[in-house]
Amino acid sequence: MSDSPPRALALFTDRNEQRANIDAHLERLRLGLGHTQGAVLSFYGVGGVGKTTLREKGIADFRAKLARDRYNIAPFALAELDLDSDSIRPDLPVALFLGRVRTALRKAGLATPLFDYIYLTWLQAEHPDQAIKLRRHTQGEGAMAGLLDIADLIGNLGAAVGLSVPSMATAQGFNKLFPRLGEWFQHSRAHQRFDASPQSWSQRERTERMPTVLALDLLEAIAHHPQTALCLVIDGFERVQSRESRPDAQWALATLVAEVLHCADTLPPPDGKPLRGRIGFIVFGREKLRWAEFYGRERVRTDWAREINDQAELLGLTEDDARGFLIEKAAAWERAQGRHEIAGLIQRHLDAVLRAAAEHLPGRPPSFLPYYLDLAVLMIRDNAGAFTPDLLGDTPAELERRFLRNLAPGHLRALQALAVALEFDRGIFDFLRARGDIEGHDFAWLVGEHWSFVNPAGDRPGFHGFHRHMQASLIASLGPAEEKAWARDILTALLDRLFERMRFERPADFGPVQESALADAISLLREHVADGLLDGETALTRALAFEEPFEGLQAASLRRPFLDWTQQTAHRLLGAGHPDALVARSNFASLIGNAGESSTALQLFRALLPDIERVLGADHSNTLITRANIASWTGDAGHPENALTLFRELLPDMQRLLGPGHPATLVARNNIAFWTGKAGNPEAALKLLQELLPDVERILGHDHPHALGTRANIARATWSTGKPALALTLFQDLLPAQIRVLGAEHPDTLSARYDIASLTWDTGDPTAALVLFHTLLPEQEQALGPDHLDTLSTRESIAALTGSMGEPAAALSLLHPLLADMERVLGAGHSFVLDTLALVKHLEAMTTRRTE
């Protein structure tokens, strides 16, 4: 027998009826008759009743049947996705959830080029300052292990358009991919549904369209291979099963299914069956699917009552199965270890064990939950010398509480400390032991196979987590106030540790380590607000601190739902008028705006302003900042004159309330100058900046970043007024201070170097300018990323200079891949893209004339 004790959690009973239902569902798909009954086969029941084993056995039975059928050569793609990991939460971003689905489909041999294309454009927008690298993700890397394998993704996309991975191993080769993809997309099913190509979609549009596009991939697979059948099997769906209608992972799966169901296409004769007849879904979870209640949108709405085949709720073990486990497995194992006394106790007290582990539901016979059977056996083993049946209690809840009280104090305290961490590895264990929170225990012993209540985390190598019942009980066992204070101190230390791990100096430094730390911090805050260990005000203070380092769109898929949770939690726990609730709303609005939804951000800030004025007063600094945000997003939404008016109205209030020397007042003056220039008056903008500089230098210092930024703005405004030689001198004087104060890789320093190169060209030295641009480009790619607007601008300048120096063909070889990158990053209608397209046409005409 095994050295490890048997677990009732691993016990599987035949469940012949359910296995027959799985077989019948899959057989209908194999015959192309999936449309004749529900598309979704749903099994649900509490944890530990054998759903996972039912899935494994049912799928294995069907695979074996296919293997025995020598005359069946039609492929059947069985894609299995197991979400049973504590790091999966209901707010798992849609892209990461569908990325997992896509990985399961790929393992089953199904290509998903449409989804891969959108995912790649989404990934680049999610990490705007990082280069795409053709490397494989290690297991557990990325946000909640949800990032796809980039090498696999690029390889599949390349294959779809006739390129190989080796040909894309260089930047030049990789740049060939997107133009090919754009052409290929024009002829796809997806282009019939959506305008333009994915590069020009907003990040929100990409996310919302992902389920539809993945469904089109599935339908396309059947259309091209009519004998193929496929079934997507998802286990642990409770991890993403929310209780409301919102654009989350549950919505994404419902949308994917609905898109398949709405397809009216049929296979060509002689088959003639519906495409959807060969596509099906099986979902295992803890609760019934409530899609009919939640989803009424036109494209999602369907007859869910017909399409979801709900199986009877899976209960715990029958009494015969439970008795069989206790006698034939648990007692027999103890006897094989030479512990006859323990084996005898298990057999003599079967009824007491069954009573403690029994679940009683109205109108049904008792069922026995495996997890609690395991706890009862542990209680007998640990108290063999003085065991009496009353030690177990009469209900599962009593059994669990008594089990915890039965543990040695040091053991219980170690488990409580680890429970605060939710998921833990040896590093967290050592950290808590060094603090003195865990004493006298070895990590391997605490997580060993002799315990049934702790298991490896499904998608995080080296990490462990408690059974969810045990997790909740360990936190609930923190009774006295001093114990809860101790647990909160642990939580504070863990959050501090994560905050340190999440630090990054520049956007491009935000990688898997920081992303994982952010995801863990989000989980800690959400979970411990829900279980009451963390009060709302402390949680919100922490949440706002974690958000503070971010600017722009780094990790937006994690931050957006977290910021949404932050503002909702602040409203619920602190009230709509609490200052933190107002800050949370402001942060969420800023992220929306940075994601390209300027008009939506403007609406959110406009809605926020009266609440801030009511709570804080019209003269509060946060009120003034909100007004400044309204002005800025007004300009970004395409109304520079209105933005200028708003800033002019705001400035006197800032000067009166904050003082003329306050940094926010100086920034407002800078914004007035900026929007003055954007509104078409560069001379007035220059005058305003020249008046601003002495004040900034006097108040903040000559080397303050605001002072250096104002000097750079003066140089640019000088250039706009037609004085390039003077502007060049101003930039050359400024650059050493920028390098000294900001650093050579700071975006402002690189921007000044770009302006110096451009002005060198403008003042009549194109050869020197070309050298400057070529020197600058690799440093921009390293510091800012290849898709940053400044990097693209430098590439455009190099191409334009090359063409102006008599080499139009060489210039065009640089411009064609650049134009594809610009369209992907900025969208086809962006003014920068249109200007570059005009340059391409000009050089093509020049080349044609030379040929003639």
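**Close-up views of a predicted model**

**View A. Phe403, Phe424, Trp445, Trp451, Phe453 and Phe466 form one aromatic cluster.** The model is predicted: local features need pLDDT of at least 70, side-chain atom pairs count only at pLDDT 80 or more, and totals for chains, interfaces and linings use all residues. Residues are numbered from 1 along each chain as its sequence is written, and side-chain values use heavy atoms, with hydrogens and water left out. The structure holds 22 aromatic pairs (rings of Phe, Tyr and Trp, the last by its six-membered ring, with centres within 6.5 Å; planes under 30 degrees apart are stacked, over 60 edge-to-face, the rest tilted). Trp445 and Trp451 make an edge-to-face pair, 5.3 Å centre to centre with 90° between the planes. Trp445 is partly exposed, at a relative accessible area of 35%, and Trp451 is buried at 7% (buried is under 20% relative accessible area, exposed over 50%, partly exposed in between, with a 1.4 Å probe and protein chains only).

**View B. Phe453 and Phe466 form a stacked pair.** Their ring centres are 6.5 Å apart and their planes lie at 25°. Phe453 is in the loop between helix H20 (443-446) and strand S9 (454-456), and Phe466 is in strand S10 (residues 464-466), so the pair ties together parts 13 residues apart in sequence (helices, H or I of at least four residues, and strands, E of at least two, are DSSP runs numbered from the N terminus). Both Phe453 and Phe466 are buried.

**View C. Strands S8, S10 and S9 form an open antiparallel sheet in the order S8-S10-S9.** Strands count as paired if DSSP finds at least two bridges between them. Strand S8 (423-424) and S9 stand at the edges with a single partner strand each, so one side of each has no neighbour in the sheet. S9 and S10 are joined in the antiparallel sense by 3 bridges. Asn455 has Gly465 in S10 as its bridge partner.

**View E. Strand S4 (residues 279-285) is largely enclosed by the rest of the structure, because 7 of its 7 residues are buried.** Ile279, Phe281, Val283 and Gly285 point one way from S4, and Gly280, Ile282 and Phe284 point the other way. Strand S1 (residues 40-44) pairs with S4 in the parallel sense over 5 bridges, and Leu41 has Ile282 as its bridge partner. S3 is also joined to S4 by 5 bridges, in parallel; here Leu232 stands opposite Phe281.

**View F. Strand S2 (residues 76-82) runs parallel to strand S3 (residues 229-235), joined by 7 bridges.** Leu78 stands opposite Cys231 in S3. In S2, 5 of the 7 residues are buried, so this strand is largely enclosed by the rest of the structure.

**View G. Helix H28 (residues 621-636) packs on helix H29 (residues 640-657).** The helices meet at an angle of about 165°, with axes 8 Å apart (axes are lines fitted to C-alpha atoms over the stretch in contact; angles run from 0 to 180 degrees between N-to-C directions). This makes H28 roughly antiparallel to H29 (over 145 degrees; under 35 is roughly parallel, 65 to 115 roughly perpendicular and the rest oblique).
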